[in-house]
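Me: I'd like to learn how to read a structure like this one. Could we look at it together?

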Amino acid sequence: MFDEADLREIRSAKAEWDEETVGPTVERFGERKAEFTTDTEGHSVKRLYTPDDIGDIDYDEDLGFPGEAPYTRGVYSTGYRGRLWTMRQYAGMGTARETNERFNYLLDEGQTGLSMAFDLPTQMGYDSDNPMATGEVGKTGVAIDSLDDMETVFDGIPLDEVSTSMTINAPASVLLAMYIAVGDRQGVDREELRGTIQNDVLKEYIARNTYIYPPEPSMRIITDIFEFCAAETPSFNTISISGYHIREAGSTAAQEIAFTLGNGIEYVQAAIDAGLDVDEFAPQLSFFFASYNNVLEEVAKFRAARRMWYKIMEERFDAENPKSKQLKFHTQTAGSTLTAQQIENNVVRVAYQALAAVLGGTQSLHTNGKDEAIGLPTEESVRTALRTQQILAHESGAADTIDPLGGSYYVESLTDDIEAEAFDILDTIDDRGGMLSAIENQYVQREIQDVAFERQREQEAGERIIVGVNEYQVEEEGDDDIEEVDEELEQTQRESVAQLRESRDEEAVEAKLDAVREAARSDENIMPYLIDAVKVYATTGEICDAMRDVFGEYQGGGI
């Protein structure tokens, strides 16, 4: 990319600058720290970057143009000049009716996509009246016990006009079945349904632990979803392979993309082993990353991830369809960076994190509410979070050109460094037998825990400043404006489930649940049977229990 003679001249000039200009200044005044580093381990940040730091880059092979391989500069040829990213605020407000109200509020305020948060019992495949759900109904999102709840959530919201992301994993097949059933009831052609289910169970074993079934049947359900959606709902993303929770658990940026792409490799291989053609299902794969405070490192991370996925799909899986090689991703700003102290500071953190996601070319974005460190976000904080995206889109200029930091000596060098480190991690995973084995022997979990421990030590020692927490503190009074879940909600939801069971056709429900069990025992695709079951108002817990009867339940402690 640069002439070698020019690089020699730059090297010589930089050495002279170091000695004659910088040296005396540093000797007299010093610098703020002995060493500056990114959040990714082993990456010391140089004082200055020049063309010499990216002298080995080949423009065509390493960067290319937007919309063309290797997609470092973006998967779309017009970037945000053609279409802005989807502004998709994460929401789920206890009951289905409250969630419907919040969704309509966000749509009225200019949100362009829906993102659905579920309560913990739903995530674990339990109904609200199950003893395991006690104390948790509606606390972290909406309780979805049956198709009746899902119909209420989307009452008056046409599914052919909005896309919906559902953050659900172990019972993703059941919730997807309900979403398809709502579309059928609305008269929406299944090919017009747009959205994403997270459906990423491997990261549950790594970071979140909201799993139900053991890995083998879990992978079978996922590949069934791939196959079904390729034929029935081709515009719906069948999985959001998630690095977000891996990063929130404590990983570095390089670990985040390495472990995420490692999970992606495992899913692709499982689908191929199940007889699916890579170019039939791979275009429907999507990814989900976190965006943290180190703006330039995050931009480099997103660019590296795109280039890596292209190489993986091209070289490892021989994909031919260009869409199979394009890494498309949703981003959420970093919840774990939000502080209960001086919560107004979180508005600033979220803005910088959102800027990094946009500069990195995200396809959709959720910006956290400033108060999420202490509770569910209020309408006011949700509006501010959405306005952050809108200001970025329409006032900042960040969306006016494609990959605006492309060519930056620092960003290009950091992109290469993160990619190299992430591929080294993937090589280690391969040596350990792949991601399933690496999770089974706790390698992945230990690597993340080690980083999390070190970050916490740095904060407690004051080596890593968190504004308002370990530096620049102020005396504060408690904030009374906190969104709270009505304690009576759980009883109301329990009564709703009881009424549903009294009013439905129990004989039809039992027949459909038996059909689910038989499909689970066979090699038939399970999705049609799940759709049939939800349409007769079998509950989330009943359907998950039917599959538990066949697949068993994962107990943790290693796969």
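Me: In β7, which residue is the bridge partner of Ser 240?

Reply: The bridge partner of Ser 240 in β7 is Ser 286. Likewise, Ile 239 has Leu 285 as its bridge partner in β7. Two strands pair if DSSP finds at least two bridges between them, and here four bridges join β6 to β7 (residues 285-291), which run parallel. Before we go on, this is a predicted model, where local features need pLDDT of at least 70, side-chain atom pairs count only at pLDDT 80 or more, and totals for chains, interfaces and linings use all residues. Residues are numbered from 1 along each chain as its sequence is written, and side-chain values use heavy atoms, with hydrogens and water left out.

Me: What is the order of the strands in the open sheet?

Reply: Strands (E, at least two residues) and helices (H or I, at least four) are DSSP runs, numbered from the N terminus. The nine strands have the order β5-β4-β3-β2-β1-β9-β8-β7-β6, with parallel pairing. The edge strands, β5 (236-237) and β6 (239-242), each pair on one side only.

Me: Are the residues on the two faces of β6 buried or exposed?

Reply: In a regular strand, side chains alternate between the two faces of the sheet. In β6, Ile 239 and Ile 241 lie on one side and Ser 240 and Ser 242 on the other, and all are buried (under 20% relative accessible area, with exposed over 50% and partly exposed in between, using a 1.4 Å probe and protein chains only).

Me: At what angle do helix α9 and helix α11 pack?

Reply: Axes are lines fitted to C-alpha atoms, for helices over the stretch in contact, and angles run from 0 to 180 degrees between N-to-C directions. Helix α9 (residues 215-232) and helix α11 (residues 253-273) pack at about 75°, with axes 10 Å apart. That makes α9 roughly perpendicular to α11 (65 to 115 degrees; under 35 is roughly parallel, over 145 roughly antiparallel and the rest oblique).

Me: Which residues make the contact?

Reply: Contact means heavy atoms within 4.5 Å. From α9 come Met 219, Ile 222, Thr 223 and Phe 226, and from α11 Glu 266, Tyr 267, Ala 270 and Ala 271.

Me: What about Gln 255: buried or exposed?

Reply: Gln 255 lies in helix α11, and its 4% relative accessibility counts as buried. Leaving aside residues up to four places away in sequence, Gln 255 touches Thr 260, Ile 425, Glu 447 and Val 451.
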